[in-house]
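Here are my notes on this entry, as numbered points. Please read them with the coordinates open.

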Amino acid sequence: MANPGYGKRAAADQLPRTKRDFAHLPPREAAIAAYIDRLPDGTDISVKSLAKQLPYGQCALRTALNRIQRAGHLRRGRERMKTASGEFRWITRTWFTRTARDDDWWASFTRGDVPEPEQPPDPARTTRTRAHILLAALGRTTPALSLSSADCARLAPLVEEWFARGATEETLLAALTAGLPTPVHSPAALLNRRLTDKIPPPTPPAPPPPRRRLECAECGVPGHPEALPGGICRGCRGERAPVNPPAPLPAVAVHTRAAGIRAAMSQQRPERKPTPR
């Protein structure tokens, strides 16, 4: 696995895996792409690391990766992410997709217009969610709030909404157990009322999609996706930037400049001495 912030990152919106995903690539590139496709996210896919696992040298791997990139399966760049401390920093990324994409798709992906892949559900939470476990444990710490399994299943969606609004387990437990009446005739009805009446306000809207920027695979210079077709900048492709001719000066400016030149020349012209007769 690569260091945090490096390594393979699966791009979004990929089609299911088939045997002919990389049939359009040369045999060597197809084998390398199929190998990378099966690696988990975060795996180090640098040239040096791949050379230790595959029967190819670093130069051959570098050439193959560039061809895989030009075919639309790979892009290199950076992504602005929010850290645990709340600060933003740029993270190095190498995005890979088994489904070949054109430059327009990569431009949309860079802007955040492509939906992120859904995370598979956690098998450990398919039957008993965090909310269900919290409700079921209430009876051990507060016997008056003992609930049946059916009560926990019915109240769990309300607890999940608290979590979705940013509430912690400590905050939720305090709201459910503080100032209980004596006796508690119906624990489920009491908790339903408290979960409904004391629910915190909704969280603010989700932040905009993470900002991304692509980099040239050859020289690493950052740029807009439109300036990096195939993941390569204009300079590394051997193309020169178009030079626009200067705009013509207006007539008034031309006359003013000409008058200034004539005045300067007349001041520099030496005075003629009268010739003796």
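1. A definition comes before the residue notes. A residue counts as buried under 20% relative accessible area, as exposed over 50%, and as partly exposed in between, using a 1.4 Å probe and protein chains only. Leucine 155 has 2% relative accessibility, so it is buried.

2. Now the provenance. This is a predicted model: local features need pLDDT of at least 70, side-chain atom pairs count only at pLDDT 80 or more, and totals for chains, interfaces and linings use all residues. Residues are numbered from 1 along each chain as its sequence is written, and side-chain values use heavy atoms, with hydrogens and water left out.

3. Overall layout. The chain has nine helices and five strands. Both are DSSP runs numbered from the N terminus: helices are H or I with at least four residues, strands are E with at least two. The order from the N terminus is β-α-α-α-β-β-α-α-α-α-α-β-β-α.

4. Burial and contacts. The chain has 277 residues, and 32% of them count as buried. A contact means heavy atoms within 4.5 Å. Take the contacts between residues at least 6 apart in sequence: 61% of these join residues at least 24 apart.

5. What does leucine 155 touch, leaving aside residues up to four places away in sequence? The partners are Leu135, Leu147, Ala188, Leu191, Asn192 and Leu195. Asparagine 192 is 37 residues away along the chain, yet its C-alpha lies 6.7 Å from that of leucine 155.

6. Cysteines. A disulfide here is a pair of cysteine sulfur atoms within 2.5 Å. The search of the whole structure finds zero. Cysteine 216 is in no disulfide, and the nearest cysteine sulfur, that of cysteine 233, is 3.7 Å away. Cysteine 216 is buried at 4% relative accessibility. Cysteine 152 is buried too, with a relative accessible area of 2%.

7. The largest pocket. Its volume is about 460 Å³. A pocket is found on a 1 Å grid over the protein atoms alone, as an open set of points where a 1.4 Å probe fits, with protein on both sides within 12 Å along at least five of seven lines; lining residues have an atom within 4 Å of a point. Points are joined across faces, edges and corners, and the volume is the space filled by probe spheres set on them.

8. Pocket lining. The largest pocket is lined by 21 residues, with Ile45, Ser46, Val47, Arg76 and Thr94 nearest its centre. Helix 3 (58–70), strand 2 (74–82) and strand 3 (88–96) each supply at least two lining residues. The lining divides into nine nonpolar, six polar and six charged residues. Nonpolar covers Ala, Val, Leu, Ile, Met, Phe, Trp, Tyr, Cys and Pro; charged covers Asp, Glu, Lys and Arg; the others, Gly among them, are polar.

9. Backbone points to check. The peptide bond from threonine 182 to proline 183 is cis, with omega near -5 degrees. Proline 183 lies in the loop between helix 7 (169–177) and helix 8 (187–197). Aspartate 13 has a positive phi, near 60 degrees, and is not glycine. Aspartate 13 belongs to the loop between strand 1 (8–10) and helix 1 (27–37). At 47% relative accessibility, aspartate 13 is partly exposed.
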